[in-house]
Amino acid sequence: MKDEQSISPSHGLTRQMQVYLQGLQGQRPSLPVSPDVLEQRAVEQLSLEASGYLAGMDDTMRANLEAFQRWRIVPRMLRDVSQRQLSTSILKMQLPVPLLLAPIGVQSIIHPEAELAVARAAHSTNVPMILSTASSRTLEEVALALGDTQRWFQLYWSKNPDLNASFVRRAEQAGYGAIVVTLDTLLLSWREQDIQNAYLPFLLGEGLANYFSDPVFRQALLQPPEENPVTAVRYFTDIFLNPSLTWEQLGFLRQHTSLPIFLKGILHPDDACKAIDIGMDGIIVSNHGGRQVGGAIAALDALPAIAQAVNKQLPLLFDSGIRRGSDILKALALGAQAVLLGRPYIWGLALEGEQGVQTVLQNILADLDLTLALSGYSSISQLDSSTLVNAQPVH
Ligand SMILES: Cc1cc2nc3c(=O)[nH]c(=O)nc-3n(C[C@H](O)[C@H](O)[C@H](O)COP(=O)(O)O)c2cc1C
Ligand SMILES: O=C(O)C(=O)c1ccccc1
């Protein structure tokens, strides 16, 4: 246990009482508890450009959220839920809660302390963090802020193989425990708001800390990025995404690291099977928060068939649309072992920096703990498809 912010077996109840007692002293929570209000406030506060960047394809984002509404929990009664078990183990890693922070790039456009604020909040709540390749602070700085908190590194597979190998080497040295290769962003999608705002944060030098600090990246330039940022940004835009990537090339990564490799962005059961065939260590079912393929299947709708195909042969994680405790419970019941929290922690960051991220994490975990108990479960390991019914809307 880290400190009083850590998640205990009665976290939900403790948190709830803490808030009510503060209420007695006339103190209301400064951060909205409802994720919808939280989003609204954060968006109001951010610049048009930053809030446009946070958005995605409206229809796919809506589909992600609606998919959760079609599954309903069927609570069971009187099963002694006085002690709850939220921890899980993935490969050899012990996760205190079935939740990790999703990799989200360029956080400097949200808050000046960016990933450092998030890392400190991850540390105080003991929630593992997945750091984006496109972070605004270097992976080494973020590792320092995380202390002994678990961390994974998300890799955008660039066109420069030496750079990819260098990122992986740096991540290993800085204590990252897994590599997450994002498969769904081999090109940036048609992002209506960003195009309308003529806004791409990288062109302004945001989110490039890992690239600019990398010896291989620097070697490829005639002048260091500090002296000639324009050329450095140009080189970045030339190489940072690699649409020619195929399954065969994932073997390259295997040769360069002994860390477990997770593939993020799987939506088809056949792709999940391919990941198993080529010896990958884990899968993250995700549609990138509805930011890549407009009209894509809701990530939750893709989960049951993938869980069936994977049949527990490797760890299955999930993201895209997790907003509250019941969403986590539903994803776990449909076969995920853990979920990634995306935009909600960024809304907390936008409004209150480190404190905001910490509050968002404590709230969602308190909600999960209480929802689990009230549904009649004392451990997340007891959740399965019998926890839910599929309530299809009547047409
Ligand atoms: C602003 C923003 C930046 C993101 N950057 C990355 C990234 O650098 N790497 C990555 O793998 N996913 C990235 N994602 C996707 C998230 O990891 C995650 O899949 C998504 O946020 C989940 O959807 P949700 O936020 O609606 O729950 C980003 C998402 C957002 C909103
Ligand atoms: O914006 C994104 O969704 C994203 O994944 C990304 C891609 C490249 C750099 C930073 C973030």
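Questions on a predicted model

Just after H14, Asn-311 takes a positive phi of about 50°. This model is predicted.

Me: How many residues does helix H14 have, and what span does H14 reach from its first C-alpha to its last?
Reply: Helix H14 covers residues 299-310. At 1.5 Å a residue, a span of 16 Å is expected, and the model comes close to that. H14 has 12 residues and reaches 16 Å.

Me: Which residues of H14 are buried, and what arc do they cover around the axis?
Reply: The buried residues of H14 are Ala-299, Leu-300, Ala-302, Leu-303, Ile-306, Ala-307 and Val-310. They lie on the same side of H14, because the arc they cover around the axis is only 135°. In general, an α-helix has 3.6 residues a turn, so residues three or four places apart point the same way. The arc asked for is 135°.

Me: Which helices are included in what covers the buried residues of H14?
Reply: The cover includes strands E8 (261-266), E9 (282-285) and E10 (316-318). It also includes helices, and these are H4 (58-70), H13 (269-277) and H15.

Me: Is Gly-335 buried or exposed?
Reply: Gly-335 sits in the loop between helix H15 (325-333) and strand E11 (338-341). A residue counts as buried when 20 or more other C-beta atoms lie within 10 Å of its own. Gly-335 has 21 C-beta neighbours inside 10 Å, so Gly-335 is buried.

Me: What distance separates the C-alpha atoms of Gly-335 and Thr-185?
Reply: Thr-185 is one of the residues around ligand 2. Gly-335 and Thr-185 are 150 residues apart along the chain. Their C-alpha atoms are separated by 24 Å.

Me: How many charged residues are in the shell around ligand 1?
Reply: Ligand 1 is surrounded by 21 residues, with Ala-102, Gly-105, Ser-132, Gly-289 and Gly-342 the closest. By class, seven are nonpolar and 10 are polar. The charged residues number four.

Me: What radius of gyration does the protein chain have?
Reply: The protein chain has 16 helices and 12 strands. Of its 395 residues, 48% count as buried. A compact globule with 395 residues would have a radius of gyration near 21 Å, and the chain agrees with that, at 20 Å.

Conventions:
Residues are numbered from 1 along each chain as its sequence is written. Chains are lettered from A and ligands numbered from 1 in the order in which they are written. This is a predicted model: local features need pLDDT of at least 70, side-chain atom pairs count only at pLDDT 80 or more; totals for chains, interfaces and linings use all residues. A residue is near a molecule or strand if its C-beta atom, placed from the backbone, lies within 6 Å of it. Ala, Val, Leu, Ile, Met, Phe, Trp, Tyr, Cys and Pro count as nonpolar, Asp, Glu, Lys and Arg as charged, and the others, Gly among them, as polar. Helices (H or I, at least four residues) and strands (E, at least two) are DSSP runs, numbered from the N terminus. A residue is buried if 20 or more other C-beta atoms lie within 10 Å of its own, exposed if 12 or fewer, and partly exposed in between; C-beta atoms are placed from the backbone. The expected span of a helix is 1.5 Å times one less than its number of residues. The arc is that of the directions from the helix axis to the C-beta atoms. Two residues are in contact if their C-beta atoms, placed from the backbone, lie within 7 Å. The radius of gyration is taken over C-alpha atoms; the globule rule is 2.2 Å times the number of residues to the power 0.38.
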